[in-house]
Each structure stands twice: as structure tokens, then as C-alpha cells.
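Work through the exercises below with the sequence and the model at hand. Each task is followed by a solution in steps.

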Amino acid sequence: MKLKTTFGLALVPIFVFLIALTAWGQAAPLPVAHGIAVGNMDRAVKPGDDFYRFSNGNWLMRTEIPPDRSSVNVFTVLADEADKRTASLIEEAAKAKAPAGSDVRKIADLYQSYMDEGAIERKGLEPLRAKLQAIRVLRNKRELAHALGETLRADVDPLNNTNFHTPNLFGIWVAPGFADPQHYHAYLLQGGLTMPDREYYLADGEHMGAIRAEFQAHVARMLELAGFDDSRARAARIVTLEHAIAEKHVSLADNEDIHKANNTWTSADFRAKAPGLDWAEYFKAAGLSKSTKFTVWQPSAFAGESALIASVPLETWKDWLAYHYVEQYASVLPNSLAQERFAFFGKTLTGTLQQRPRWQRGTLLVNVILGDAVGQIYAKRYFSPQAKAEAQAMVSNIIDAFRKRIDALTWMAPTTKKEAKAKLDTLYVGIGYPEIWEDYSGYEVRSDDLFGNVWRARQFEYDRNRNRLGKAVERREWSMTPQTVNAVNLPLQNALNFPAAILQPPFFDPQAPAAANYGAIGTVIGHEISHTFDTEGSTFDSTGRLRDWWTPADLAHFEEVTTKLAKQYDAYKPFPDLSVNGRQTLAENIADLAGLSAAYDGFRSSLSGKPAPAAEGFSADQQFFLAYGQNWATKERPAALRQQVTTDPHAPAEYRADTVRNVDAWYSAFPAQPMEKLYLPPVERVQIW
Ligand SMILES: [Zn+2]
């Protein structure tokens, strides 16, 4: 549910992110002036034809994507800043000679282990040897089930960070229960694919066909580099198996439907409903034998994948498992493997031409593995109490605007309104940094053991999650670090996180006019608040419980207007052969639209009746909408954009800017004419909240 998936640092599985993340861009410099960036606009474009280019046209013309990036935008420019700061914190940590076992020492040692390329090359494939040998000697499907159980990790998050992908057979998410939000519960999700989504295996068209051919060649090269014989034949069998897994997978749009995900399975259910895999052995190896109830997000995929365990030969599964180990750890193995991984995941899948400098990747690694340790220092240094107070005031104002909007709805029953407002009353809003931090005392770091550090980090994270199953939920826990340029809504905790790193210019600038701040960070705040009431959020009540608190008539109305919005996005075509998927992006598009509307109200009410000043020849309302449009300035490589359209619940940036076409106040600010491209007659404008 976060603002923009591709910008999520902390929770993206680290091996994906080491090559795919879009930080450290060298986009055109940000404006020094406070408020909207007039120099970024293209006034030759009519706002009613193309509001995105009207707001950002000059920026688009003069910005180049650096060779080590797949895209640049406002978020990545800010992330660069946050990362530079983080890099200097890490440098200080290295000089501090902190005592062994302290967080500062762990930061220093982890970074050191990443930078010591000599040690990594000297060790070669040694770190993998024991694992690969253990796979080689698997004798039967029961032992295979055990080996697969050992791969389970806490690497998916279907609700807070909308991450549905794990290359392991399955993934686990430990979070408040649908039926019991006071206690931590286990959610199991489909997995097993190397490429980002089942569409990469199943979709028609030349483009995906070419990617599949490259994928198979890549699998063969990885196996060869890892010392396997007969690598081509093995690769062919692995890719065929992944294709079969993809056929069992549920689509992203279906994954986002909570009601389809709400399936409670006991241990007996796994045996009965998904025969094939030796589940008792699997759970034993995963350390979950004592857990009796799971929520299975995609029952059909569990049945299908489990059946494949039975029907596909043991030798093929062993090759698949070995390849997955090599692939998942390639970034921290010798350069030949790391390069080959980048060649496919970086170049082929996102169009990025080269890897980022090693020190930057090392900083990212530390940020992911020890995010809260870095975050504590970051927040102290870079987030002032004054900024916190001002952001808090904006949030209250926008929540208030939301409350008034709910009151004014003519279609919603009074009982539904009451629960909707209760959700706002009990919302926990975290600003800048968390009140409680992750404890890394159980995580061991060695300055000369990169592979081990990463291995133990994933195990530590898994055990931390597994060990809290059944325990009381801590609602104040964050799901993002303070140094993350993003924001998130946690529906099961009924909570919001606004990290320090997004609460700075150009999103939030105490010296900018209110119109610009509400248009920029205000719409981000509104976006996150409104996730409380999107297609997913609206299925949880004020305690975080999954419950139908809507009347059937309310729900019917909600369905009708949101379907209209989905259709609007279905019509956008970033490529001649690829449209935006209105259903897949619906929750985020609702959040954009509702957030924009509530932020606008919040802005008007912040003025308390006083006139707002014009700036640079633009009225206050125009500045508000321009600031919103400028949030979305983005340059992205075509391959990366295709990946986003296929795998991301967020629509491409351009169409997010264009959502202004649904808001009446935008038509007053920039009178669009009926023949202009974005113009919608009043009846076709979608208003939800
Ligand atoms: Zn969102």
C-alpha cells in the first residue's frame, strides 16, 4: 500500500534491490526556490491536454537517466540525498572503533565485508559448497520437502508493502490476523519463480518471448559459473518447471482481493487440499511444526505447486533448488556471478546499462540489513522537532478534511459512516521515526564474511518473525525506516508511517507556500490516509479486523464508482501492445484520487478564510495542482516501465498526475475545454470520497 513500490528500500528482497533499485540518480538539479518549480514546466503544452507534461515538460527534456539507473524522479533524487547522508553515517561508524557487538560496530563490519572484494574472490564458491552438496545427496521427495522447508523466509508482504514475489517455493508474512488483529499470525504466499511475475512466463508477444529466451540462457550461464555440468539441459528443465509453476500462480489483480486471500488452513488441510508436498516435513524444517493455523493467500497455487512436487522428477527439483541458491546469493559471491546476475536482472529486465559503484551498493546493503540501526542515527541528526510538529499539523488537517468528506457523502448509510469515522479516530500516525526500534543483538556480523552476514540476516529476520507468532501485536511498530523516501499505510494495524526522508523539500518545505506543501506532501499524506478506505482498506474495521461493515447498498455504490475508475485507467496505453491494468492498480488509483481531494480540502481549510498568495503568476489553487503534478516527474527506461506495468499495483507516474481530471477544483483552476484530451464531462468524473 506504499506510495510507490519501486522506491521501497527496506523491504524489497535485497538481492532484487541490489540491482534494481532506482537510487543515486543524476537528474537535473532540484530548484532552489521554494514552492512549485516553474523551470520544470512546459507552458507550450495545454494543461487540459497533458497535465503531466505541462507540469514537468522541461524537466523531462533536460533530464537524462544515468547508465546505472533504470529511472529517475523526485523520489530518487531525494533518495540520493538520504543515501549520501547514510553513506557518511556509515563512514563515521567505520572510524568510531565501536565496541564489538554494538550496532555501530555491526554497521561498520557489514559495510567492510561488502567492500572487501579480495576476500570475496578468494573464497570463491566455498560459501555455497555445503548447501549445494546437501542438495546433491537428496534421495527422495521427503528429503526434498525438508530442504524446501529450510528455504522459507519472511520475504513477502501482501498488504503493507505490496510485495507478492518470492523466488523460494513459498513465502511467509507474519502480521496481525484477519480475524484477530491483536495477535501475530502466519500468512503463506505462492512463490518459486525467478522472474518478477507469472506474466513473464505466460504472456504472449515478441517482447516477453525474447525475455524468456534470455532467461534460459542466463540460467545456463549461472549453473556453469557455479560448476555444474550439462548446464544447458538443466537450464531447459528448470525453465520448463518455472513455466509450470507460473501456470499455477494467481494474477496480481487477484492477489489484491482480500476476500480471495482469506483462507484458513490447518495442518490437515494442507495434506487434504494440496497433496504432493510432504507438508509435515516442510513445516518441520521451517520451524513451524507448532503452528496449527495459517492463512493461505492463494489456495489454488498451493494445490498446484504441491502437485508439481509429486509429478516433476526429483532431479529437476534438485537442479531448480541449486540454481535458486546460486541466483539468490549471486550478488554477494564472486564478481563473475554478480555480473551475470546484473546482466539479466539489471540490463535485460530493466534496461539499466551498468551497476552502481560498489560503495553505493554497500550502503544499500547496510540500509536493508541494519535499517533501524542506521535509522536511529539518521533521525536524530536529520529530523527536527519543528519539522515533526509541522508535519503533524498537516496530517491532522487532512484527516479532518476526510472526516468532513465522509459526513457530506450522500450515498453512504449512517452506520457505515460511523465506522468509517471510527477508523480515522483510531488511526495511529507515525511521523519521522518509530518510537520503538528493532533489536539487532541476536544478529552476528563478521567483517570478513559477507556471504555469512547476508545468510544470517535473512535467517535472523525469519526467526524474529516466526518467534512472534501468536504474541500480542505492537501497533506502533513501523514497516519503513526513517531514511526511506516513501510513506505507508498498514491496514491491519490501522496505522500510517511517514518517514523523515520524505518530509523534506521538494515534498515538504516549511518555507514554501501552503499551496505547494499541500499539493506535494499533502497529497502523499492524503494518499496514505485514503488507503484506509480503498478496495482493500475498506474491508478492515477500526480495530483492523476483516469484517463487512458496509451495507450492501454502500458496497454496490463503491463497486460502481471504482469500476468506473478502473475503466479510466484501462484506457491508458504506455506501449502500443501494453495497457495499464485498471484492476491491478485500482487501490492505488483510489488512494491518489481521494488523497488529492482531501489534501485540497485540507489546504483550503488551512487558510481559515484568508486569501492565499499567487506565486510566479499562478494562483494558489494552480500551485496546489502543479505541485501535485510535479510529484510525478519521472524518466524511466522502456524495459523498466514494462516491468512496472506488469508487476506493480501503482500506475505509471504520468497517469497518476493526470488523475486531476476527476477533480472539479482542477477544472476551475485550469479551465479545460471539452475537446482537450484530459477533459471529462462532470458526469464522467469519478468522485469516491
Ligand atoms: Zn499507496
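**Exercise 1.** How many of the five residues of strand β6 (residues 428-432) are buried?

*Solution.* The model is predicted: local features need pLDDT of at least 70, side-chain atom pairs count only at pLDDT 80 or more, and totals for chains, interfaces and linings use all residues. Residues are numbered from 1 along each chain as its sequence is written, and side-chain values use heavy atoms, with hydrogens and water left out.

Step 1. A residue is buried under 20% relative accessible area, exposed over 50% and partly exposed in between (1.4 Å probe, protein chains only). Helices (H or I, at least four residues) and strands (E, at least two) are DSSP runs numbered from the N terminus.

Step 2. Count. Four of the five residues of β6 are buried, and the strand is mostly covered.

Step 3. Find the partner. β6 pairs with strand β8 (residues 495-499) in the parallel sense, over five bridges; pairing requires that DSSP finds at least two bridges between the strands.

**Exercise 2.** Find the cis peptide bond from P505 to P506 and state where P506 lies.

*Solution.* Step 1. The bond from P505 to P506 has omega near 5 degrees, and it is cis. Most peptide bonds are trans.

Step 1. P506 is placed in the loop between β8 and α23 (514-530).

**Exercise 3.** Is Y667 buried or exposed, and which residues does it touch?

*Solution.* Step 1. Y667 belongs to helix α29 (residues 664-669). Its relative accessible area is 9%, so Y667 is buried.

Step 1. Contact means heavy atoms within 4.5 Å. Leaving out residues up to four places away in sequence, Y667 touches V660, R661, A672, L678, Y679, L680 and R685.

Step 2. Compare sequence with space: G48 is 619 residues from Y667 in sequence, but their C-alpha atoms are 8.6 Å apart.

**Exercise 4.** Why is helix α27 (residues 638-647) described as largely enclosed by the rest of the structure?

*Solution.* Step 1. Eight of the ten residues of α27 are buried, so the helix is largely enclosed. The buried residues are A639, A640, L641, R642, Q643, Q644, V645 and T646.

Step 1. These buried residues pack against α8 (199-202), α9 (206-225), α11 (252-255), α17 (335-350) and β9 (634-636).

**Exercise 5.** Summarise the whole protein: its elements, its dimensions and its burial.

*Solution.* Step 1. The protein has 29 helices and nine strands.

Step 1. The C-alpha trace spans about 75 × 55 × 50 Å along its principal axes.

Step 2. Of the 689 residues, 63% are buried.

Step 3. Among contacts between residues at least 6 apart in sequence, 75% join residues at least 24 apart.
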